[in-house]
Amino acid sequence: MAENILEVRNLKKYFKTPRGMLHAVDDVSFTIEKGHTLGIVGESGCGKTTTGRCILRLVEPTSGEIFFEGKDIMKLNRSEMKHLRKDMQIIFQDPFSSLDPRYTINQTLSETLRINKIRSGKKAIEDRVLELMETVGLAERLINTYPHELDGGRRQRIGIARALAMEPKFIVCDEPVSALDVSIQAQILNLLEDLQEKLGLSYIFITHDLAVVNHFADEIAVMYLGQIVEKAPTAELFENPLHPYTQALLSAIPIPEVLDERPQTILSGEISSPIEPKDECRFSKRCRFSGDRCKECGPKLVEVKPGHFVACGRLGEL
Amino acid sequence: MEEKKKNEMPQDEIALELKNLRVKFVLEQETVHAVNGIDITLKKGHTLGLAGETGAGKTTTALSLLRLVPHPGKVECDKLEVAGKDVLSMSAKELQKFRGSDLAMIFQDPMTSLNPVFTVGQQIADTIMLHNPTTKEDAFKQAEKMLELVGIPAARAVEYPHQFSGGMKQRVVIAIALACNPGVLIADEPTTALDVTIQAQVLAMMKKLRDERGMSMIMITHDLGIIADVCDEVAIMYAGRIVEYGTLRDVFNHTKHPYTEGLFNSLPNIRNRDERLKPIPGLMPDPSKLPKGCAFAPRCQYATEACRNKKPQERMVSDTHMVACTAYDDPAFRINRPEKGGNNG
C-alpha cells in the first residue's frame, strides 16, 4: 500500500448559531495517498469548503484527528502549525478577493518568501519570484502589476504561485476554476495537472462541477449536508454510482451534445437545514427511494466493493 | 463568394427581429465597443441560445432589446421589432408598457433582483397591476397562482425574499417575468447562481412553461450543456459579434468556427476522463482595442495573414447555418473537430 500523505478521522465542525448548532462537517473520514488527488464534490452548504479549511486548521475543528505524514496536527501549537503550513497550502475560490489589492505580484510573492524564510537576500528572493511566475505561466513584464489590472485567470495564477512559493507537498484547491470562463478554466486545470506531475504534489480538489472533478481526481467523495454519502475511485463512481444523491447529481450535469433524450432524475424539494439535524438520513426528504427505515437513523458508510463506500439505508434493496 | 442572405419568413412567424445592433460605451480615455453588429431573428415558439464568455456582449445585447443599456452606453440599430411593434420609436411610457408584457427578462442573480422589503406576492402583484387594470386583491390572487405555477405553495406569497432559498428566489423571479404572459422571455444566465440539482429543476420547469404557453425565449449562458438542453438555435458570440449561428445540430454537430471548436475542446469530456484539455490560448481582446481583422485571430490556430487584416464576412454554409470566418475563403478549409452523424440541419 502506498504511503498516505493525509489521513482525516471523524472530523467534525459545528458552528454556534442563534437557532442551535450548525453541523457544517459531521463525522468525515478519508485518506489521501501521496501524489494523488481526492475530489470533494457537493452543492453549496454541504461543508466541502469547511472541510478543506479544517484540514489546514484555518478553521479550528470541533473534534477529530488529522494526520499529515503520520503527524497528528491537532496536537500542534500555533507556531508549530505555522511551520507545518509550509507543507500544506490552499488555493482559494475567488481570485478577486483572495489577493491584497495594494500589493503587486512581486510584493505578494516576495513577502511570502521573506516572512516564511523560504529564501533570504534580495537577489535570491527576486530570482525565486521570477521562477515562480514562470512556473505558473505569468509573463515577466507583469511583475509590478496590481491584481485589479489583471483578469481572473491571471489572478488565479498568482494564487497558485503564492501557494507554490512555500514549496508545499499538499494543496487544498477550493473551487480554483469556478470563477473563470471555460477557455481559461482549461488553462488553469492543465497547469495544476502539470505541477502535480512535476512536483509530486497531492491535492484535495473541492468543486461543485462533476465534469471537472471527473477529469482531475483519482478518487471522489460526494458530500451532502456535512457528511460523505459516497466515496469511490473516479471511474467507478461515474460508472456505478450507488447513492441516490450521486445518481441525481450525475444526471443533472448538462451534457454539451445534441441528444434526443436526456434521462434525468429531477430532485424535488430543497436541501434541509444543517442546523440541529435529526438522526435520520439527511437526504431522505429529497430521495425518491426514501422509506421508513431512512427516517430512523442515519446510515453509515459501508464498503460495497474494494474502495467503494456508500451510506444509504436501503442499499441492499435497491 | 457566397453573399449573406437570410431566409425571408412570413412576418407573423417572427417573434423578435434585430438588425445590425451596435453598442459602444464612450468613456473619457477610451471607447468600449461592446456589441459590433448583431442580427437576431427569433421565430415564434423557438428558443435561441446566446453563448459566449465573459465580455462577449451577451448581456449588453439583451439589455439593448429592452432598451435598458445604462449610461454612457450608445445604442445604434437598424431595426428592432418585437411582436410586430417597432421598439426603436417607442416613447418612455410605451416602453414601460412594452417591458414585461411583450418582452420580459430574468436577470442572472436572483439574490439581488428581488426587493428585500416587499413580500414576494406583492412584487408579483405589482407587475400585474402595472400592466392590467385590476384590484389589489385580484392581483394578489393572480400572484398566488403564478407562484403555484412555478412550484411554490401559494401560502408562501406573504413571505419575504430572505425566507427563500436561491432556487426558490429564482422561481419567484421567473414568476414575475411570466406574470403578464410575455411573448418573448430573455433569460440571462438564469441558473448560474444555482446548484446543479436545483439548476436541473429550474430548467425543467422553464421548458415546461415555455412549451405550455408557446413562448419564445432567448437563453443567455456560457454553459453549452444548458444550450444543448433547452435551445433550438444557437448563436456563439465573441467580442461583440456573432461568429456562428445555426440550429443546435448545425453548431454542435457540424461546428464550423474555430472559436466554437475551442469552446468545445476546453470542456472536460465526461465520457473520457483521460483526454487532456485543449484550452484556447490567450485572452479575449480588450473591447476598447479590438484588432483590425478578426477579433479571434490572435488566439486562433488556423489564423492567416488575411484573418489579421480583414473583418470576417458572414457567410451561409447551409440554409440555416452562418459562420463568420475568413478562413472559409479557401473552399477546402476544414476545422479539426469532426462532424457528427446525421445530415446537416
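The model is predicted: local features require pLDDT of at least 70 and side-chain atom pairs count only at pLDDT 80 or more, while totals for chains, interfaces and linings use all residues. Residues are numbered from 1 along each chain as its sequence is written, and chains are lettered from A in the order in which they are written.

**Chain interface**
- The contact (C-beta atoms, placed from the backbone, within 7 Å) takes 31 residues from chain A and 36 residues from chain B.
- H6(B) gives the most to the side of chain B that touches chain A, with 6 residues; helices are DSSP runs (H or I, at least four residues), numbered from the N terminus.

**Helix pair in chain A**
- The axes (lines fitted to C-alpha atoms over the stretch in contact, with angles from 0 to 180 degrees between N-to-C directions) of helix H5 (residues 152-165) of chain A and helix H6 (residues 182-199) of chain A come within 10 Å and cross at roughly 20°.
- H5(A) is therefore roughly parallel to H6(A), a term for angles under 35 degrees.
- A:Gly152, A:Gly153, A:Gln156 and A:Ile160 of H5(A) make the contact with A:Ile184, A:Gln187, A:Ile188 and A:Leu191 of H6(A).

**Domains of chain A**
- Chain A is assigned domain 1 (4-87 + 168-310) and domain 2 (106-164), with bounds from an automatic or database domain assignment.
- The C-alpha centres of domain 1 of chain A and domain 2 of chain A lie 30 Å apart.
- Contact between them involves 10 residues of domain 1 of chain A and 8 residues of domain 2 of chain A.
- H6(A) supplies the largest share of the side of domain 1 of chain A that touches domain 2 of chain A, 4 residues.

How values were computed. Two residues are in contact if their C-beta atoms, placed from the backbone, lie within 7 Å. Helices (H or I, at least four residues) and strands (E, at least two) are DSSP runs, numbered from the N terminus. Angles under 35 degrees count as roughly parallel, over 145 as roughly antiparallel, 65 to 115 as roughly perpendicular and the rest as oblique.
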